[in-house]
Amino acid sequence: KERSRLYYVDSQFIDFMEHMGDFYNFTHMAIWTRKEMLLPKRSSTLFHRICSFLFRKRYLNTEHLAFIARGTAKFTGEEKHSYFIAQFEYDDFISNEEKSIDNEGTEGYKESKPFLALFTDDKKMAALSIVPSPDLDVWVSQKFKLTNEEKGIKQFVYKDKELVSGKLIEEEWNKMGKPMKLRELNDCIYNTLCSGKQYDVLDNNCLHFVRDLWKVTLADPPTYEDCISKFSEELVT
C-alpha cells in the first residue's frame with residue numbers, strides 16, 4: 001500500500017495540483033478538537049496574562065480547534081477523499097497577503113513561522129496533524145455542528161491511538177455554501193479577522209480563526225450566528 005503523506009499547502013503545491021488537473025472539489029467542512037491547556041507564553045507580560053486568564057471566565061477554554069475541509073474526487077471510477085487542515089497556534093502570524101506563505105519569515109512579525117495549511121488524503125494523518133502527541137484524542141466540535149445532537153456526547157474521529165472509522169460519516173460534516181478548489185479554499189485563510197495579527201492566547205486564537213472560516217465557507221450564515229451564541233453561553237456557564 002502506498003504511504004500517505006502530509007503536504008504543506010504553499011504556492012508550489014497549489015500550482016502542482018492545478019497542473020495535475022485539480023481533481024478535488026472541497027464540499028464539506030468540520031471543526032475538529034483536542035484538549036489543550038491555555039497558558040500565557042510571553043514572559044514580558046506574564047503577570048498581566050495570568051491575571052487575565054484567571055479572571056476572564058469566558059476564556060477558560062481547554063480545547064484546541066482546527067478547521068478541516070473534505071475534498072472529493074473520482075479516480076478510475078473510485079471516489080477518494082482529501083483533507084485540508086488549517087489551525088492557528090502559538091507563534092503563528094497570518095499575513096493579509098497570500099504571497100507571503102512562501103517566505104521563511106513573515107513580514108510584520110519577524111519571529112513568526114510561515115502560516116501554511118496542510119493537505120493529506122489520509123483521515124488518520126489529518127487527525128494526527130492537530131495533536132502534539134498520538135496519545136491525545138480528536139473529536140468533532142459539537143458547538144459548530146448544524147444538527148441537534150445530544151449534548152455531552154463526543155463524536156470521536158481519533159481515539160486511543162486509532163482512527164474511529166476510516167469510512168465516510170456524513171454526520172461528522174457540514175455542507176459548505178459552494179464547492180471550492182484548493183486555491184480558493186486556501187485564499188480564505190488569509191482573509192479572516194485574524195489576518196495581519198500575531199496569535200494571542202486571549203484575543204486572537206484558534207477559536208477566532210475557525211469561527212471566521214466556518215462563517216465564510218458555511219451554507220447558512222444565520223445558523224452560524226445561532227451556534228456562536230450557543231458557544232459563547234457554554235463558555236460562560
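1. Ground rules. The model is predicted, so local features need pLDDT of at least 70 and side-chain atom pairs count only at pLDDT 80 or more, while totals for chains, interfaces and linings use all residues. Residues are numbered from 1 along each chain as its sequence is written, and side-chain values use heavy atoms, with hydrogens and water left out.

2. Salt bridge count. Take a salt bridge as a side-chain nitrogen of Lys or Arg within 4 Å of a carboxyl oxygen of Asp or Glu. By that rule there are eight salt bridges.

3. E18 and R183. Their closest N and O atoms sit 2.8 Å apart in a salt bridge. (Helices, H or I with at least four residues, and strands, E with at least two, are DSSP runs numbered from the N terminus.) For exposure, buried means under 20% relative accessible area, exposed over 50%, and partly exposed in between, with a 1.4 Å probe and protein chains only. E18 comes out partly exposed at 34%, and R183 is partly exposed at 27%.

4. E170 and R70. Here the closest N and O atoms of the salt bridge are 3.6 Å apart. This is another link between distant parts of the chain, 100 residues apart, with E170 in the loop between β9 (162–163) and β10 (174–180) and R70 in strand β3 (residues 63–75). E170 is partly exposed at 39%, whereas R70 is buried at 3%.

5. K161 and D135. These side chains form a salt bridge at 3.1 Å, N to O. K161 is in the loop between β8 (155–159) and β9, and D135 is in the loop between α3 (123–128) and β7 (138–140), so the pair ties together parts 26 residues apart in sequence. K161 is partly exposed, with 47% relative accessibility.

6. Strand pairing. Two strands pair if DSSP finds at least two bridges between them. β3 and strand β4 (residues 78–86) run antiparallel and are joined by nine bridges; T72 has H81 in β4 as its bridge partner. The β3 and β4 hairpin has two residues between the strands, and T76 there takes a positive phi near 50 degrees. β4 also pairs with strand β6 (residues 117–120), antiparallel again, over three bridges, and F84 has F119 in β6 as its bridge partner.

7. What surrounds H28? H28 sits in strand β2 (residues 25–35) and is buried at 14% relative accessibility. Beyond its neighbours within four places in sequence, H28 is in contact (heavy atoms within 4.5 Å) with I68, A69, R70, E170, W173, N174, K175 and M176. That list includes R70 and E170, which pair up in the salt bridge of point 4.

8. Is A117 buried or exposed? A117, in strand β6, is buried, with a relative accessible area of 0%. Leaving aside neighbours within four places in sequence, A117 is in contact with Y7, Y8, V9, F84, I85, A86, N186 and I189.
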